[in-house]
Amino acid sequence: MTAMLDRPAVARPASDLLDALERIVGAANLLTGDDDRRFYATDVYATRGIPLAVVRPASVEQLQAVVAAAADARAPLTVRGGGASYTDGYTHSRPGGITIDTALLKAIDIDETNAVVTVEAGVTWAELYAALLPKGLRTPFWGPFSGLAATIAGSMSQHSVSHGSSAFGVSAESAVGLDVVTGTGELLSTGSGGGVGAIPFTRHFGPDLAGLFLGDCGALGVKARVTLRLQRRYEAFEALSFSFDSFAAMHDAMRAVALEQVDDENFGLDATLQQGQIGRQDGVAAKAGIAASVMKSAPSFGAGVRSLVRMAAAGDRALKAATYAVHYIADGVDASAAHAKAAVIRRIAAAHGTEIANTVPTVVRGMPFAPLTNTLGPKGERWVPFHTLLPHSAVRGFHQALGNYWDAHADEMMRLDIVSGTMFMAVGTSGFIYEPTFYWPDVRSIYHERVVPSDHLASVPVYGPGPDAAAAVKRMKAEIVALMHAHGGAHFQIGKVYPYLADRNGPSVALLRAVKAALDPHGILNPGVLGL
């Protein structure tokens, strides 16, 4: 079975494929220029194989036809949603490939009666949020911080966490059903939506076929539509922040709060991120935008004014002094319910740390989806995060091992001007995300030039090539990922970076390969992801 997927394909000439794609989507939606192909070959971190072309289908039917044409030509396919990933998820590992850009697939169908919403593959979390807001609705998980760019379908392929993850888990746990294009161009529907004329209102109707495609990184099918659960959006909330003198104290507090399930979201920052990339909000325009967002998100004008007064009075001295800081947002059906949840968080966290100004979570609530300025460091450096999801029992051991690693490489990092910071998050009651980041001086990529707002690019330094630092970052990143794996860590957005098949149970690997062969008999769907 493996041999079938790996044997050389009998491909048609590239010109025939391009002609077929142009007939499907039109010349305007078939991009073959050098700059466009290079841009779509580049994610936040790296550039890999340059695709033969980029195709932008404008309907699910066109999407099916594109996949069928690629299958007929034996051309490898990758799918780019918002493009905010950094694990080679949509970059090419084989020559002659086609990148599907889902940006034109924007339909949103809100079914208030059945409390579900169905979106096409190119809909971003910010677009869905805006569509649901006037109706007082939300999805349980409602997006990552990169939701201005990140698509719902991309999150279903890669897994996402952030807004709503404390209470409702990763993005996949809000999915009801999927419409997926297989590697031959057929449309497969899951759950209750899998019948003729059926309504996609429940995921659990027989075997959970949706689960096969959630977190598959596009190896098993191309997401065409996603249906998610809806629930009432609560306007009342409280934002809280705490500082901790040690990692152990922070972890104790985060684990205990997670067990109570009273917060909608949480995130922790070490001093580097607290004082730098996440905590920094410079400039009159930025402050004005934050103030407007805080006022807009407040349940009343008076509450918004009180939040701004508290933020101004507190300043940021305590934030910058924190060795570790954790930020919480607790939603409630009304102010008293939000206050009761906040009281539980305060009681637990105060036993381990000190409450500080709640500036950061208040801003996040008001501005949940920030511009992609954070794809560069606070001084314009290159940036790449990577992460692991650990059981709480493994967190302390990994933290100690990583601390030893940092100590062993401190001189090299100082010499090459490489800086690291870390973000943390409790997901549900059982998981803890540990996400280190690297910053280093290096040239920007075409990704940054096209995606980061031009006014921000103009405000930060420009660096020349830093090949030694870049090589060190690449090596250290791989070594730390191996360390994560040694401590039993799992990963989201696996892409082509994180190990997956290496030590999986034999029968599960055989099953995955069999499913891959059945759904993608020509092996064209994102070769290389998941180790396939």
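Helices (H or I, at least four residues) and strands (E, at least two) are taken as DSSP runs and numbered from the N terminus. On that basis, the protein has 21 helices and 19 strands. The model is a predicted one.

**Overall make-up**

- Of the 532 residues in the protein, 54% are buried.
- The accessible surface of the protein amounts to about 21300 Å², and carbon and sulfur atoms account for 56% of this area.
- When contacts between residues at least 6 apart in sequence are considered, 75% of them join residues at least 24 apart.

**Helix 9 with helix 14**

- Helix 9 spans residues 247–260 and helix 14 spans residues 335–350; their axes come within 9 Å and cross at roughly 155°.
- Angles over 145 degrees count as roughly antiparallel, and helix 9 and helix 14 are therefore roughly antiparallel to each other.
- The crossing of helix 9 past helix 14 is right-handed.
- On the helix 9 side, the contact involves Ala 253, Ala 256, Val 257 and Glu 260, which meet Val 344, Ile 345, Ile 348 and Ala 349 of helix 14.
- By class, the residues of this contact comprise 7 nonpolar, no polar and 1 charged.
- An α-helix has 3.6 residues a turn, so residues three or four places apart point the same way.

**Helix 9 with helix 16**

- Helix 9 also packs with helix 16 (residues 392–408): the two axes come within 11 Å and cross at roughly 165°.
- Helix 9 and helix 16 are therefore roughly antiparallel to each other.
- Helix 9 passes helix 16 with a right-handed crossing.
- Phe 247, Ala 248, His 251, Asp 252 and Arg 255 of helix 9 are in contact with His 392, Val 395, Arg 396 and His 399 of helix 16.
- The residues in the contact of helix 9 with helix 16 are 3 nonpolar, 3 polar and 3 charged.

**Helix 16 with helix 20**

- The axes of helix 16 and helix 20 lie 10 Å apart, and the two helices pack at an angle of about 155°.
- This angle makes helix 16 roughly antiparallel to helix 20.
- Helix 16 crosses helix 20 in a right-handed sense.
- From helix 16, Phe 398, Ala 401, Leu 402, Tyr 405 and Trp 406 meet Met 476, Glu 479, Ile 480, Leu 483 and Met 484 of helix 20.
- This contact of helix 16 with helix 20 has 9 nonpolar, no polar and 1 charged residues.

**A covered helix: helix 15**

- Helix 15 (residues 359–366) is mostly covered, with 8 of its 8 residues buried.
- The buried residues of helix 15 are Thr 359, Val 360, Pro 361, Thr 362, Val 363, Val 364, Arg 365 and Gly 366.

**An exposed residue: Ala 486**

- Ala 486 belongs to helix 20, which covers residues 467–486.
- A residue counts as exposed when its relative accessible area is over 50%; Ala 486, at 65% relative accessibility, therefore counts as exposed.
- Ala 486 and Phe 398 are 88 residues apart along the chain, and their C-alpha atoms are separated by 8.9 Å.

Key:
Residues are numbered from 1 along each chain as its sequence is written. This is a predicted model: local features need pLDDT of at least 70, side-chain atom pairs count only at pLDDT 80 or more; totals for chains, interfaces and linings use all residues. Side-chain values use heavy atoms; hydrogens and water are left out. Axes are lines fitted to C-alpha atoms, for helices over the stretch in contact, and angles run from 0 to 180 degrees between N-to-C directions. Angles under 35 degrees count as roughly parallel, over 145 as roughly antiparallel, 65 to 115 as roughly perpendicular and the rest as oblique. A crossing is left-handed if the near helix is turned anticlockwise from the far one by less than a right angle, and right-handed if clockwise. Contact means heavy atoms within 4.5 Å. Ala, Val, Leu, Ile, Met, Phe, Trp, Tyr, Cys and Pro count as nonpolar, Asp, Glu, Lys and Arg as charged, and the others, Gly among them, as polar. Buried means under 20% relative accessible area, exposed over 50%, partly exposed in between (1.4 Å probe, protein chains only). Accessible areas come from the Shrake-Rupley method with a 1.4 Å probe; for residues, only the protein chains shown count as cover.
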